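Trainee: Please take me through this structure by question and answer, and give each term its cut-offs when it comes up.

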Amino acid sequence: MTNTRKPLELQIIEADITHLQLDAIVNAANHSLLGGGGVDGAIHRAAGPELLAHCKTLGGCATGQAKLTPGFRLPARFIIHTVGPVWHGGHQQEPELLASCYRQSLQLAEQQGLHSIAFPAISCGVYGYPLEQAARIAVTTIHAFSRQAHSLRQVYLVAFDDRMRTLLEKTLSEHAR
Ligand code: AR6
């Protein structure tokens, strides 16, 4: 029997993640899940106060784990909140924890039967992860996951500026070689 399942496609885009009309967007949250700055603040502002009320019932989230909420006022149907590692120099399991954020988020999306998901550059803002290393982990983890993807068709890595977009594109093309 031939396998007609379409492969998972990974694309780099430069955008405000809160504007994306997809099945899920990922939030680079903190342990409390009660909001913060950066992309977390933008998502809470755009989703509305219902998101904070809902997050208060979730009991927080550990580093490397992920939790799902509705998108509320966002164009995206769901938000997957994940907590990236703070960069401490690379010897406190930062690479494993960052990879886990991507994997756990993709697994949650699969469990919900979602087709499309967008990630911001987790840990690449105030958490201080070196951008090139973080980009490589994002691309390799998503690629490794694609073998077990059933419902997911489209994964977007969202850059918020030109520098991150260029870096992600370079990382993706190097990985493809
Ligand atoms: N759309 C897409 N990407 C964005 C957006 C946006 N609207 N806004 C920022 N970015 P950060 P972290 C990019 O600091 O490093 C929060 O306070 C940004 O340019 O948001 O994981 C949480 O509550 C950067 O590349 O997340 C935590 O306490 C990337 O998103 C803490 O920050 C991540 O930057 C998490 O830190």
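Trainee: The place of F72 is in the loop between β3 and β4. Buried, partly exposed or exposed: how does F72 count?

Mentor: This is a predicted model, in which local features need pLDDT of at least 70 and side-chain atom pairs count only at pLDDT 80 or more, while totals for chains, interfaces and linings use all residues. Residues are numbered from 1 along each chain as its sequence is written, and side-chain values use heavy atoms, with hydrogens and water left out. Helices (H or I, at least four residues) and strands (E, at least two) are DSSP runs numbered from the N terminus, and a residue is buried under 20% relative accessible area, exposed over 50% and partly exposed in between (1.4 Å probe, protein chains only). F72 takes a positive phi of about 50° although it is not a glycine, and because its relative accessibility is 33%, F72 counts as partly exposed.

Trainee: S123 also has a positive phi although it is not a glycine. What is the relative accessible area of S123?

Mentor: S123 is found in the loop between β5 (116-119) and α4, and its phi is about 70°. S123 counts as buried because its relative accessible area is 5%.

Trainee: In what order do the strands of the sheet lie?

Mentor: Two strands pair if DSSP finds at least two bridges between them, and here 6 strands form an open sheet with mixed pairing. The edge strands, each pairing on one side only, are β1 (9-14) and β3 (66-70), and the twist averages 25° from one strand to the next. The order is β1-β6-β5-β2-β4-β3.

Trainee: Which residue stands opposite P70?

Mentor: β3 runs antiparallel to β4 (residues 78-83), and 5 bridges join the two strands. In β4, the residue opposite P70 is F78.

Trainee: Which residue of β6 stands opposite F119?

Mentor: β5 pairs in the parallel sense with β2 over 2 bridges, where I25 has A118 as its bridge partner in β5. With β6, β5 pairs in the parallel sense over 4 bridges, and the residue opposite F119 is L157.

Trainee: Which residues of β5 point the other way from S116 and A118?

Mentor: In a regular strand the side chains alternate between the two faces of the sheet. In β5, S116 and A118 point one way, all four residues are buried, and the ones pointing the other way are I117 and F119.

Trainee: What is the relative accessible area of T82?

Mentor: T82 is found in strand β4, and its contacts (heavy atoms within 4.5 Å), not counting residues up to four places away in sequence, include V26, A28, Q65, C101 and I122. T82 is classed as buried because its relative accessible area is 0%.

Trainee: Which elements are included in what covers the buried residues of α1?

Mentor: In helix α1 (residues 38-47), the buried residues are D40, G41, A42, I43, H44 and A47, and just after the helix G48 takes a positive phi of about 95°. The cover over those buried residues includes β2 (24-29), α2 (49-55) and β4.

Trainee: How many polar and charged residues are in the lining of the largest cavity?

Mentor: On a 1 Å grid over the protein atoms alone, a cavity is a set of points where a 1.4 Å probe fits but cannot get out, a pocket is an open set with protein on both sides within 12 Å along at least five of seven lines, and lining residues have an atom within 4 Å of a point. Grid points are joined across faces, edges and corners, and a volume is the space filled by probe spheres set on the points; the structure holds 1 cavity of 30 Å³ or more, with about 50 Å³ of space in the largest cavity. The largest share of its lining, 3 residues, comes from α4. Ala, Val, Leu, Ile, Met, Phe, Trp, Tyr, Cys and Pro count as nonpolar, Asp, Glu, Lys and Arg as charged, and the others, Gly among them, as polar, and by these classes the lining of the largest cavity has 12 nonpolar residues, no polar and no charged.

Trainee: Which element gives the largest share of the lining of the largest pocket?

Mentor: The largest pocket has a volume of about 680 Å³, and of its 28 lining residues the closest to its centre are G38, V39, A121, C124 and G125. The lining divides into 17 nonpolar, 7 polar and 4 charged residues. Its largest share, 4 residues, comes from α1.

Definitions and conventions. Axes fitted to C-alpha atoms, helices over the stretch in contact; angles between N-to-C directions.
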